[in-house]
Amino acid sequence: MEKVLEVKNLRTYYFTYEGVLKAVDNISYSIGQGQTLGIIGESGCGKSAASNSILRIVPPPGRIVGGQILLYDPKRPKEPPVDLVKMDPKGKEIREIRGSRISMIFQEPMTSLSPLHTVGNQIMEAILLHQTKDKKEAEELAYEMLVKVGIGNPRQRLLEYPHQLSGGIRQRVMIAMALSCHPSLLIADEPTTALDVTVQAQVLELMKNLQQELGMSIQYITHDLGVIADVANHVAVMYLGRIVEMGTREQIFKNPLHPYTDRLMKSIPSLKQKRDGGRLESINGTVPIPINLPASCGFCSRCPVKLCGLCEKAYPKLVDRGEGHYVSCFLYGEEAEEPVETDAGNKHKKERR
Ligand SMILES: Nc1ncnc2c1ncn2[C@@H]1O[C@H](COP(=O)(O)OP(=O)(O)OP(=O)(O)O)[C@@H](O)[C@H]1O
Ligand SMILES: [Mg+2]
């Protein structure tokens with residue numbers, strides 16, 4: 001299958017006064033055309049930092065300190081990919097990619113919708129920037145997009161301001177805006193967390209239908225495992241800035257290998273569990289802050305099955321344990337990750353001055 005995105009050894013650090021916070025620490029994954037990769041993990045594990053790195057919108061004091069983010073163009077399969085890490089985050093190249101080849105939708109629609117402009121003007125702005133210079137045509141495309149995302153009375157909605165709309169409609173408007181230029185990759189960061197469950201189900205259904213129709217790839221971030229089970233083909237489990245397990249949805253949900261994934265799965269309520277009267281399991285302890293941590297498995301202080309001695313001494317390497325089911329855990333082999341040099345140290349000193 002053709003790849004749309006390939007992330008290689010990405011590291012994104014925040015240079016805080018307490019020290020270097022490794023929000024994303026050496027992650028690698030790829031997304032195929034028309035596929036959905038779900039990224040899950042507890043709050044603070046680096047899901048948003050990883051996604052923001054792709055669009056190059058990591059705010060200071062954060063910065064990408066290593067790795068590559070390769071974007072392929074499905075319309076030009078013979079052309080080599082572009083490396084988004086090499087681009088100037090404020091430059092023309094990345095601005096042309098944002099909103100046209102990659103779009104992002106966030107948890108809170110008001111973060112990407114302006115309260116000062118009508119819905120129509122905002123969708124048209126993206127279309128006029130990337131697709132056509134003709135205002136009438138842009139208006140028609142904006143109208144068609146609202147129809148596509150199932151908004152009733154679309155002509156009237158185009159003239160309204162975001163505050164006049166309900167949460168569910170605002171989310172649909174944001175999706176319409178994100179998809180108006182037919183991106184090949186959509187990054188959705190907790191897009192339905194703020195919605196009630198019925199509206200959430202409608203929005204998820206809508207995204208799946210539009211994905212089929214437009215053939216785009218999706219990177220879907222959430223800590224809601226139920227949503228991931230519904231939308232994702234592949235799943236990456238993050239912990240402390242690293243991917244600790246990755247595989248197909250079936251591999252991750254039916255046969256979790258990493259003790260962290262296993263605990264996450266046991267924390268989902270199921271109908272069967274209710275019948276048996278069983279209790280839900282929780283994960284002991286909390287996620288440490290990723291500053292000045294030793295080079296050890298990040299989960300080892302909370303792990304119920306750790307191998308004393310090995311887990312505290314090195315990072316386990318993320319290894320394919322069969323049929324593309326990757327896990328980074330010494331329970332399955334002793335391969336450790338080689339330490340990597342980054343440019344973090346020197347530049348850190350300069351930035352703090
Ligand atoms: N602007 C910032 N300055 C300093 N540290 C930050 C900043 N933004 C995020 N971090 C830290 O980076 C790490 C990763 O944060 P991130 O927001 O990517 O987590 P997340 O997995 O998206 O969490 P959530 O599920 O709560 O959205 C956390 O330790 C967080 O405290
Ligand atoms: Mg987040």
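This is a predicted model: local features need pLDDT of at least 70, side-chain atom pairs count only at pLDDT 80 or more; totals for chains, interfaces and linings use all residues.
## A polar contact to start with

A polar contact here is a pair of N or O atoms within 3.5 Å, and within protein one of the two must be able to donate a hydrogen while the other can accept it. The side chains of Glu 337 and Arg 242 are joined by a polar contact of 3.2 Å.

Glu 337 sits in the loop between β12 and α12 (344-352). Leaving aside residues up to four places away in sequence, Glu 337 touches Asn 26, Arg 242, Tyr 315, Pro 316 and Lys 317.

## The four-stranded sheet

One sheet of the model is open and has 4 strands, in the order β2-β1-β4-β5, with antiparallel pairing. Its edges are formed by β2 (19-32) and β5 (82-83); each has a single partner strand, so one side of each is left without a neighbour in the sheet. Helix α1, residues 47-55, packs on this sheet and touches β1, β2 and β4, its direction making about 70 degrees with that of β2.

Inside the sheet, strands β1 (residues 3-16) and β4 (residues 62-71) run antiparallel and are joined by 8 bridges.

## The eight-stranded sheet

A second sheet to explore is also open, with 8 strands in the order β6-β7-β8-β3-β9-β10-β12-β11 and mixed pairing. The strands at its edges, β6 (102-105) and β11 (319-320), each pair on one side only. In β12, Val 327 is the bridge partner of Glu 245.

Helix α1 turns up here too: α1 packs on this sheet, touching β3 (36-40), β6, β7 (185-189), β8 (217-221) and β9 (234-239), and its direction makes about 145 degrees with that of β6. Helix α6 (residues 167-179) packs on the sheet as well, where it touches β6 and β7 at about 170 degrees to the direction of β6.

## Around ligand 1

Now for the ligand. The shell around ligand 1 holds 15 residues, and the closest are Ser 43, Gly 44, Lys 47, Ser 48 and Ala 49. Several atoms come within polar-contact range of its oxygen atoms. A polar side-chain atom of Ser 48 is 2.8 Å from one oxygen atom of ligand 1. From the backbone, an N or O atom of Gly 46 lies 3.1 Å from an oxygen atom of ligand 1, and one of Cys 45 lies 3.2 Å from an oxygen atom of the ligand. Taken alone, ligand 1 exposes 640 Å², of which the protein buries 67%.

Which elements give two or more residues to this shell? They are β1, β2 and α1. The largest share, 3 residues, comes from α1. By residue type, the shell divides into 6 nonpolar, 6 polar and 3 charged residues.

## Two backbone details

Most residues other than glycine have a negative phi, and most peptide bonds are trans. Two places in this model are worth a look with that in mind. Asn 9, found in strand β1, has a phi near 45 degrees, a positive value in a residue other than glycine.

The other place is the peptide bond from Pro 60 to Pro 61, which is cis, with omega near 10 degrees. Pro 61 belongs to the loop between α1 and β4.

Key
Residues are numbered from 1 along each chain as its sequence is written. Chains are lettered from A and ligands numbered from 1 in the order in which they are written. Side-chain values use heavy atoms; hydrogens and water are left out. Two strands pair if DSSP finds at least two bridges between them. Contact means heavy atoms within 4.5 Å. Axes are lines fitted to C-alpha atoms, for helices over the stretch in contact, and angles run from 0 to 180 degrees between N-to-C directions. A residue is near a molecule or strand if one of its heavy atoms lies within 4 Å of it. Accessible areas come from the Shrake-Rupley method with a 1.4 Å probe; for residues, only the protein chains shown count as cover. Ala, Val, Leu, Ile, Met, Phe, Trp, Tyr, Cys and Pro count as nonpolar, Asp, Glu, Lys and Arg as charged, and the others, Gly among them, as polar.
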